[in-house]
Amino acid sequence: MTYQEKKSIVTLIGAILIFASYCFYMYPRLPEGGLESTETFRFWGSFVLNLTLFSIATHIVVSIIFNIIFTMTTQEKLPTFADELDKLIELKAHRNSFFVFIVGFLLAMGSLIIVHPSQVMFMILIMFGFISDVTGSVTKLYHYRKGV
């Protein structure tokens with residue numbers, strides 16, 4: 001298995017664990033008040049902002065730890081450049097990830113048109129943000145295994 005495949009797997013597992021652990025942490029803090037209260041909007045705003053910051057910081061730490069462990073176990077140097085194949089796979093992964101997020105964004109805005117509570121919009125945005133992250137990692141893993 002190549003470095004890129006291993007990195008894609010670690011990124012995928014990391015994204016799932018980060019999202020699940022943060023949701024389990026925040027679920028008990030869900031406000032009990034009315035669906036459209038100021039407290040509810042404050043909760044969902046802080047949920048998205050903190051999830052973004054937590055996810056970025058944790059992905060950086062996981063990447064550093066993975067690189068250290070990979071170097072120690074294989075005694076190989078890390079790849080220092082990306083060739084055309086790496087760039088093409090990265091572009092395809094970004095395309096698929098952005099497509100999934102845009103679909104989620106449109107569904108979230110559609111939920112407001114159908115007069116669902118605003119909580120539904122936030123949940124759709126958060127879920128599709130997670131699914132787009134997973135889609136990018138799975139796309140990379142697929143293309144590194146099967147080719148472009």
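**View 1. Charged side chains of the protein chain in the predicted model.** The protein chain carries 11 positive and 10 negative side chains, and in this predicted model the centres of these two sets lie 5 Å apart.

**View 2. Helices and overall extent of the protein chain.** The protein chain has 4 helices and 0 strands, so that its pattern, when read along the sequence, is α-α-α-α. Taken along the principal axes, the box filled by the C-alpha atoms of the protein chain is roughly 55 × 30 × 20 Å.

**View 3. Burial and contacts within the protein chain.** Of the 148 residues of the protein chain, 30% count as buried. When contacts between residues at least 6 apart in sequence are considered, 78% of them join residues that are at least 24 apart.

View 4. Where along the helices does Ile-102 have its place? Ile-102 belongs to helix 3, which covers residues 84-113. Ile-102 counts as partly exposed because its relative accessibility is 46%, a value that falls between the 20% limit under which a residue is buried and the 50% limit over which a residue is exposed. Along the chain, Ile-102 and Phe-128 are 26 residues apart, and in the model their C-alpha atoms are separated by 8.6 Å.

Key. Residues numbered from 1 in each chain as written. Predicted model: local features only at pLDDT ≥ 70, side-chain atom pairs only at ≥ 80, totals over all residues. Heavy atoms only, no water. Helix = DSSP H or I, 4+ residues; strand = E, 2+ residues; numbered from the N terminus. Buried < 20%, exposed > 50% of the residue type's maximum accessible area, 1.4 Å probe, protein only. Contact = heavy atoms within 4.5 Å. Lys, Arg positive; Asp, Glu negative; His and termini not counted. Charge placed at Lys NZ, Arg CZ, Asp CG, Glu CD.
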